Amino acid sequence: MTSVEVDAAIASRAVENLKRAGFHPVTVLGDGRAGHGERAPYDRVICTYTVRDVPRAWVEQCPNGRIVTPWGSSFFSGSYATLDVVDGKARGTFSGYPAFMWDRTQRAGAGRVADLYNQEEGEKSSTDIAPQNVIQDHPAFFTALSVTDAWYRWCEADDGSGKATLWFFSDDRRSWATVDYAPDAQTYEVEQYGPRALWDEVRTSFLCWHELGKPERARFGLSVDGDGQRVWLDDPDRVVGHTPAR
């Protein structure tokens with residue numbers, strides 16, 4: 001067993017805790033994305049932080065085995081990717097609702113609305129899509145394949161009215177969008193600010209998900225090889241998202 005940790009203080013505490021529990025893995029101070037080639041090959045790679053892409057090093061060091069990692073993007077990161085690797089090619093599916101810290105090199109945007117919104121005046125429009133519909137698990141998973149670098153926050157009014165605002169922020173903090181919800185409304189006010197029209201991006205993806213038949217997350221899969229990673233629907237040849245190898 002080999003454990004890789006980038007933070008020296010955490011690695012030291014982990015070694016002590018493992019010893020008390022009766023485990024004595026080889027502990028390496030280094031970048032987990034690089035794995036540890038000196039002790040490869042492995043039959044399992046288990047990651048305990050969220051990644052946007054499965055590093056090629058893991059596949060190479062576990063050429064015939066299994067990789068399990070929290071996986072996602074800024075918009076939706078609540079999936080485990082469980083990949084079986086055969087002859088250096090990994091393929092698997094998504095499941096679960098993990099809540100792990102991000103890969104330190106790939107962290108998503110975050111913050112309080114009050115710190116990110118400075119009373120800017122955005123471009124206003126309206127939509128007939130109830131905002132809460134786009135952030136349900138299945139459509140949010142699909143949107144996260146294309147809107148990778150933006151995140152959302154649902155803020156309910158505290159006056160008991162049932163009203164709420166769905167906020168979107170880009171990771172670089174240059175763009176935001178809001179959709180205001182009111183019970184029994186037929187249309188909802190939209191406001192967008194910055195170089196990106198975030199609501200338009202989310203709306204386009206949501207409608208595409210509808211056109212595909214509103215597939216559940218369990219119908220999607222992930223393949224990883226020398227060309228990068230590809231997310232597919234039902235069949236590996238039906239690719240709906242691609243990240244080139246890095």
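**Close-up views of a predicted model**

View 1. About 990 Å³ of space lies in the largest pocket, a pocket being an open set of points on a 1 Å grid over the protein atoms alone, where a 1.4 Å probe fits, with protein on both sides within 12 Å along at least five of seven lines; the volume is the space filled by probe spheres set on the points, which are joined across faces, edges and corners. This is a predicted model, in which local features need pLDDT of at least 70 and side-chain atom pairs pLDDT 80 or more, whereas totals for linings use all residues. Residues are numbered from 1 along each chain as its sequence is written, and side-chain values use heavy atoms, without hydrogens or water. Of the 32 residues lining the largest pocket, S3, V4, I46, C47 and T48 lie nearest its centre, lining residues being those with an atom within 4 Å of a point.

**View 2. The cis peptide bond at P41.** A40 and P41 are joined by a cis peptide bond with omega of about 5°, and P41 is placed in the loop between strand 2 (26–29) and strand 3; strands are DSSP runs of E with at least two residues, and helices are runs of H or I with at least four, numbered from the N terminus.

**View 3. Positive phi at Q119 and D234.** Although not a glycine, Q119 has a positive phi of about 65°, and Q119 is exposed at 62% relative accessible area. D234, also not a glycine, has a positive phi of about 70° and is partly exposed at 41%, where exposed means over 50%, buried under 20% and partly exposed in between (1.4 Å probe, protein chains only).
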